[in-house]
Amino acid sequence: MTRTSTHSPNLAAPRRLFMASALGFVVAAALGALFRFGMLRGDFFGLQAGDLRHAHSHLMLMGWATPALIALITARAPALGLKLPLRATLATGWAALALAALSTPAFALYGYRSAAIGDANIPIAAALSGVAMLVWYAFAALVAIAARRAPDAHAPNPARSLLKIAVGAMVISSVGAWALAAQMITKSGDALSQQLAVHFFVDLFGIGWLLVGALALLRAEIARHPSPTETRARWMLLAGLPLLFLAGMPSAELGPALRILGHVGAALSAAGFVALSLPLWRVLGAWRRVALGFLLASALMLASIAIPPVAHWGQTAGLRLFFLHTAFAGAVTLTLISVAARQFGPSRSPSPATWTLAVALLLSTLLPLTGIWPAALSGRWVLVSALAGALGATILSALATLQALLPRTAPSPTPSQAPRQQ
Ligand code: HEM
């Protein structure tokens with residue numbers, strides 16, 4: 001596999017977008033820490049807890065994971081079998097990042113509610129999110145055109161096939177976001193329809209776009225020939241992902257038929273992820289293997305959601321937050337960080353070791369907040385440790401980002417000369 005130096009314009013531009021997105025992670029992590037501080041004080045600094053949570057999750061999903069993934073898809077386009085227009089593709093990433101940054105204060109202050117601007121009442125965050133979705137469509141169109149125009153468009157390319165599933169999931173998930181925004185703005189819909197819209201959007205966007213997109217990047221790291229198992233596994237993902245959100249809904253809210261569909265969706269998605277990830281295990285180097293480990297852990301959690309009593313227990317034990325962070329902070333984020341270290345060079349991108357420590361700190365302090373933790377060992381310290389974990393993760397990610405941004409005194413080794421990430 002040939003790699004070019006970050007000094008080549010082809011990698012310098014995606015790296016700039018990647019590093020700006022990493023700053024988005026740091027700010028979003030700080031908002032998460034602020035939320036934890038608010039939980040401890042019992043007051044969210046005059047803000048509503050839900051709005052602060054929205055500001056955090058929106059910036060993480062739209063201002064970190066999405067533009068960082070777009071940056072790496074652009075940088076790895078040849079390995080993904082695509083010839084993407086560099087400027088136009090990166091412009092969609094920058095636009096996604098800028099809109100996420102603009103909507104963060106709006107989410108924190110007003111959530112989806114309208115704010116009075118002069119004589120008008122405008123739901124600022126919802127409006128900016130709507131524009132952001134138009135940007136996703138532009139990115140999806142660029143990928144679709146590049147896939148159709150690829151000289152080997154009909155030859156099997158497993159990484160490209162996964163990317164197409166990921167981009168398709170991004171576009172389809174937006175239906176949930178439009179539905180939610182419409183209900184919020186028109187003040188229509190009941191709690192159930194709002195929950196359905198949120199779950200459809202977050203689950204398909206997060207697991208379909210981000211997790212499958214991360215898997216596409218990992219698959220693009222190796223030149224192994226496509227296998228019939230991979231094709232079957234991709235069909236499982238295609239069939240399972242759109243149903244998955246039903247399994248995430250509180251079970252009392254849905255009828256038995258829909259609940260069963262949700263469990264089937266979780267089983268198919270889990271089987272697809274495991275079948276596609278396991279063959280990569282022996283081939284990938286250490287930090288990408290750590291990311292793959294989190295991906296497999298997320299797949300195992302999905303498999304457990306496929307079993308109705310286990311899914312019910314997981315919901316009552318409040319494991320959803322832990323699952324989401326294992327998938328998004330563990331699998332997705334560490335894939336992005338470890339692939340960036342390979343692509344841009346270890347000294348020109350955030351350290352995977354430091355970032356892994358940040359994620360481990362976050363996840364280990366989230367666990368005592370769940371029902372898995374024995375009640376006898378709970379207490380106020382659980383909130384203090386969650387705050388410490390969030391603060392620690394913020395500081396470590398900030399240090400790793402800063403270290404990669406500092407000007408180098410000596411020219412950094414090109415990625416091909418750099419020691420392999422083992
Ligand atoms: C340093 C890293 C992180 C910290 C400190 C953090 C902290 C938090 C906190 C405090 C909450 C609210 C929890 C509650 O309601 O009790 C939360 C929710 C959430 N976070 Fe994170 N998080 C981090 C990383 C991430 C990443 C990387 C993503 C996605 C890319 C993410 C996505 C979400 C989502 C979607 C929710 C909302 C879950 C829901 O409402 O069901 N977080 N996070």
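User: From which domains does the shell around the ligand draw at least three residues each?

Analyst: A residue belongs to such a shell if its C-beta atom, placed from the backbone, lies within 6 Å of the molecule. In this predicted model, the shell draws at least three residues from each of domain 1 (11-111 + 122-153) and domain 2 (156-371), with bounds from an automatic or database domain assignment. Residues are numbered from 1 along each chain as its sequence is written. Local features need pLDDT of at least 70, side-chain atom pairs count only at pLDDT 80 or more, and totals for chains, interfaces and linings use all residues.

User: How many residues surround the ligand, and which are the closest?

Analyst: The shell holds 25 residues, and the closest are Ala29, Gly32, Ser57, Phe328 and Ala393. Elements giving two or more residues are α1 (9-41), α2 (49-75), α12 (320-344) and α14 (380-405); helices here are DSSP runs (H or I, at least four residues), numbered from the N terminus. The largest share, eight residues, comes from α12.

User: Which residues touch the most other members of the largest nonpolar core?

Analyst: A nonpolar core joins buried Ala, Val, Leu, Ile, Met, Phe, Trp, Tyr and Cys residues through C-beta atoms within 7 Å; buried means 20 or more other C-beta atoms within 10 Å of the residue's own. Of the 138 residues in this core, Leu72, Ala166, Leu211, Val212, Ala214, Ala216 and Leu295 touch the most other members. Helix α6 (residues 191-220) gives the most, with 18 residues.

User: What share of the whole chain is buried?

Analyst: Of the 422 residues, 50% count as buried.

Conventions: Buried ≥ 20, exposed ≤ 12 C-beta atoms within 10 Å, placed from the backbone.
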